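Here is a quick tour of a few local spots, with the structure open beside the text. Let's start with one side chain and what surrounds it.

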Amino acid sequence: MRVPLSWLRELVTVPEPFGAREIADALVRQGLEIEGVEFFGSDLVGELVVARVLSIEELTEFKKPIRWVSLDAGEKDVRWVICGAQNFAVGDLVVVVKPGSILPGEFKVTSRETYGHVSDGMICSAREMGMGDDHTGIVVLPPGVAPLGFDAIELLGLRDAVIDVAVTPDRGYALSMRGIAREVATAFQVPFSDPVFAINSGITAVDELLGSVEDAMDVDRIVLRSVTGVDTSLQSPIWMQRRLALAGMRSISLAVDITNYVMLELGQPLHAFDSGKVKGGIRVRRAHANESLETLDHVTRKLNNDDLVIADSSGPLALAGTMGGLNSEIDSSSTEIIIEAAHFTPELIARMSRRHKLSSEASRRFERGVDHDLALAASARAANLFCEIGGAQIVSAIDIDNRVPLSAITFNPSFPTRLVGHPYSADVVDQRLTDVGCTIEKSVETWLVKAPSWRPDLTLAEDLVEEVARLEGYDAIPSILPPAPASRGLTPTQRTRRGVGIALAGEGFVEVLSYPFIGENDLAALGIVENDYRLIAIRLANPMSDAAPLMRTTLLPGLIAALKRNLSRGNRNLAIFEMGSIFLGRLDQLPLPRLGVDRAPSPADLNALMSLIPEQPQYVAGLLCGEGESSWRGLRAVDWSDGIAAAQAVARAAGATLSIRTGSLAPWHPGRCAELWYGDQVVGHAGELHPRVVTRLDLPPRSVAFELNLDALGNPTPVHSPEISVSPPAIQDVALIVDSSVAASDITTALLAGGGPLLESAALFDVYEGAQVGKGRKSLAFTLTFRAPDRTLTAIEAAVAREGAVTAAGTLGAELRG
């Protein structure tokens, strides 16, 4: 809402020292949002006066039309100027700027010779005076608007300021000068005289045939006034045109300008119909099947049965509260007009506006809530303006009033103090609610507060508290942090996630966050083909991007996108990870049931809904490329072992121990992929990405990835510190020959089980495959560490334990080498 300062000062007496910026600051303190303050005419210097055109000589010897014009500007001598505009004639009143003046944009006007004549000034267009963007012709003033030589800056209000208020959806009253003036009066504690009270809104002659309403639930009040004898060819007054321009509207015609002006002044949208084009009276109803309407923007709209229309016996005339139709538009031949002012249901207008993608100044106000008492006064104000400016006479009117009285709000004056946490006395609460316009019926402990008609948003006691806090000033409320409640600290899941993040950061990884959306192409690029659970993805009904309509079933696509973005910025050695949910669909997914709104959902309904929620396990995944950790030998290229090491670090942070086995799963290299087992289930994979995947996605060669199901690892249990023995260990090496298909981790597990409590560790330090062990066989060399907690082991005890470990490994086909 653009608020011209000169118009605002007519409605409320703001002390003179306070200008536009001070008023804007006061409105901000009142809780309104201000987009900005614009100043007009501050750069105007010199004399701009009203002049009459005495004569026009057409100079035809030039390529474009040029006129040599004589002007009477109320001076002793006639003033001559050169002008190229063609939209004025002898006898018209125009604005002339004298030499030595400066127009907006630092345009200096001088007396100079041009086109063979000396131009002693310039006739101005609207854009040259800063009145708007129109530069198609010069400004022609209405006859008799001012004496010759009168100051045009004062006449046209060229020096003004505009406060641009951003009106939020709950403050529809602020979309009017009346509403803003009330807020300004409250801010400066000055009297406010409601302009509605100055309007004689009575109806002298009632015409029952003028209109009717089909359903009072759609429109609880409509006022129709009929005026005749309107001269629609007349130009709107300069003051009205200027105010409309400052408020962001262009002048169109007398009828449109009057209805727009009243809407800006009071906040009530109006529409004017050509009475001669209305057949059989006006009726407010829902649209019928197969009806259409060509609106004023020259778009033919197919109407919906839920649309509310203003109609006559021939069909729709306008979309109610939104836009009129061309079939009842007022033109230059119109003399009889019906003025419509109504109060429509806000939700109905909002749905209709969005359905037709048609947002208008009227619909913006109806959606936010219009004063339901305003229709009678606003229609009278418009009718009076038609009489004063257009020479009309009021014929008859009808007021169809089906309003329901607003219910009072039960309110305790101590409630603002309790809710806000800042003391407000009963007197302050009374004063602030009165400032808003509420009427209060007081009793000992509670008040009955009735909200004003222009505040339909005030329906709860909490709404009234907001008004008290707003008007007293939000800055008066101290910033006090609430005391921290007693807490048991992080949940087990939170501790696991934090521990995993710290562990991976310690391994040199950086955490990234990506969108949880993927596309079919992302899965295909990873080589994920048929019979893979990751292909059963949940499709979004309204995706952010058509390229990513699925919820992710793996974290790798987002990590790959982040990796490629970093590579494009010149980063070559990267280790990144992400923790988050994946979303697993089901082949037997049932459609979502539609529950009624006439009752609360039953436990069975809730269980049915919960059963349809997809499984969303927490995963962690990482990507590595380039060169890894430094040592005394310098950097080295990352390989499959770095992915496994990162996965093991994750498991340790979660209090779990992984078993490593050879695996095969896209997108990993089948010969360099490890299955990560926890207990008796596979919880993840790690290793090098498949060369085809690397090539397809343009990743660095031998890039490494891991992905792990965090939920499957569980939460860490309390760690019991081991007993530290001071006894010396007995260390022995053993080399075992096994089939190439046997995993080293299985042999390690067997050795630890067979060695009993004396075997502290079994560490693999060498793998040999060659002619000495035979084809299809390999040699695994382990270092076995034996230790007793309370004594030094004898050679016999160590030998017995070693023999037990080797025997256990033998169950997997292992033989001692040599």
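This is a predicted model: local features need pLDDT of at least 70, side-chain atom pairs count only at pLDDT 80 or more; totals for chains, interfaces and linings use all residues.

A polar atom of the threonine 232 side chain lies 3.2 Å from the backbone oxygen of serine 334. That side chain also reaches the backbone oxygen of serine 332, at 3.1 Å.

Residues are numbered from 1 along each chain as its sequence is written, and side-chain values use heavy atoms, leaving out hydrogens and water.

Threonine 232 sits in the loop between strand S15 (219–228) and helix H5 (238–246); helices (H or I, at least four residues) and strands (E, at least two) are DSSP runs, numbered from the N terminus. Its contacts (heavy atoms within 4.5 Å) include Leu254, Ile330 and Ile337, not counting residues up to four places away in sequence.

Now the cysteines. There are zero disulfides here, a disulfide being a pair of cysteine sulfur atoms within 2.5 Å.

| Cysteine | Closest cysteine sulfur | Relative accessibility |
|---|---|---|
| Cysteine 83 | cysteine 124, 9.6 Å | 6% |
| Cysteine 673 | cysteine 625, 19 Å | 5% |

Cysteine 83 counts as buried, and so does cysteine 673, where buried means under 20% relative accessible area (1.4 Å probe, protein chains only).

Conventions. Buried means under 20% relative accessible area, exposed over 50%, partly exposed in between (1.4 Å probe, protein chains only). A polar contact is a pair of N or O atoms within 3.5 Å; within protein, one must be able to donate a hydrogen and the other to accept it, and residues adjacent in sequence count only if both atoms are side-chain atoms.
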